[in-house]
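Let's take a look at a protein model together. Have the sequence and the 3D view open while you read.

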Amino acid sequence: MFTSVSGANDKDGGNVLTVRGLRGATTIASDNEQDVLQATGVLVQEMAQANHVLPEDIVSVLISTTADIQSAFPAKAVRSIEGWKYVPVMCTHEMNVPGGMPLCIRILLHANCTIPQKNIIHIYQNEAVKLRPDLQK
């Protein structure tokens, strides 16, 4: 039997704890440390809150940025959130595809949860809402 920190389990037809991917993206106006860290922090916290995920439930966070973002590591913003110090975080750059959205930060947050895949709330902010209009609610 699996039990999460919130006590969900698979006994008697209850919810099954599984790893889910929560997606999010945002854009910044310019490549500077303050904008990168602020936008990343706001996005990752909204992703967790919208899906009722606690730091203890998070398996890992993968953050990618477009190649035009070079002023700061977005992971710094995640590690600075109270309670998130031990959450594994990694940064990388996106592929440089012609016509791709500039100054974009994308996050894939892996979390242990009982939410069915179709009920995960993915968060897209600023110009990034254009990336997945089908997921906007």
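## Salt bridges and a helix

In this predicted model, a salt bridge joins the side chains of Arg106 and Glu94, with 3.9 Å from N to O. Arg106 sits in strand 4, while Glu94 is in the loop between strand 3 (89-93) and strand 4, so the pair ties together parts that are 12 residues apart in sequence. Arg106 counts as partly exposed, at 23% relative accessibility, and Glu94 is partly exposed too, at 29%.

How many salt bridges does the structure hold? There are three, and here they are:

| Pair | N to O distance |
|---|---|
| Arg106 and Glu94 | 3.9 Å |
| Lys76 and Glu33 | 3.2 Å |
| Glu127 and Lys130 | 2.5 Å |

Lys76 and Glu33 make a salt bridge that links distant parts of the chain: Lys76 belongs to helix 2 and Glu33 to helix 1, 43 residues apart. Lys76 is partly exposed at 43%, and so is Glu33 at 39%. In the remaining pair in the table, Glu127 is partly exposed at 42%, whereas Lys130 counts as exposed at 56%.

Now for helix 1. This helix covers residues 33-50, which makes 18 residues, and spans 26 Å from its first C-alpha to its last, close to the 26 Å expected. Its buried residues include Val36, Leu37, Leu43, Val44 and Met47. What covers the buried residues of helix 1? Strand 1 (18-27), strand 2 (58-65), helix 2 (75-79), strand 4 (104-113) and strand 5 (123-124) are among the covering parts. After helix 1 comes His52, with a positive phi near 55°.

Terms used: Residues are numbered from 1 along each chain as its sequence is written. This is a predicted model: local features need pLDDT of at least 70, side-chain atom pairs count only at pLDDT 80 or more; totals for chains, interfaces and linings use all residues. Side-chain values use heavy atoms; hydrogens and water are left out. Helices (H or I, at least four residues) and strands (E, at least two) are DSSP runs, numbered from the N terminus. The expected span of a helix is 1.5 Å times one less than its number of residues. Buried means under 20% relative accessible area, exposed over 50%, partly exposed in between (1.4 Å probe, protein chains only). Contact means heavy atoms within 4.5 Å. A salt bridge is a side-chain nitrogen of Lys or Arg within 4 Å of a carboxyl oxygen of Asp or Glu.
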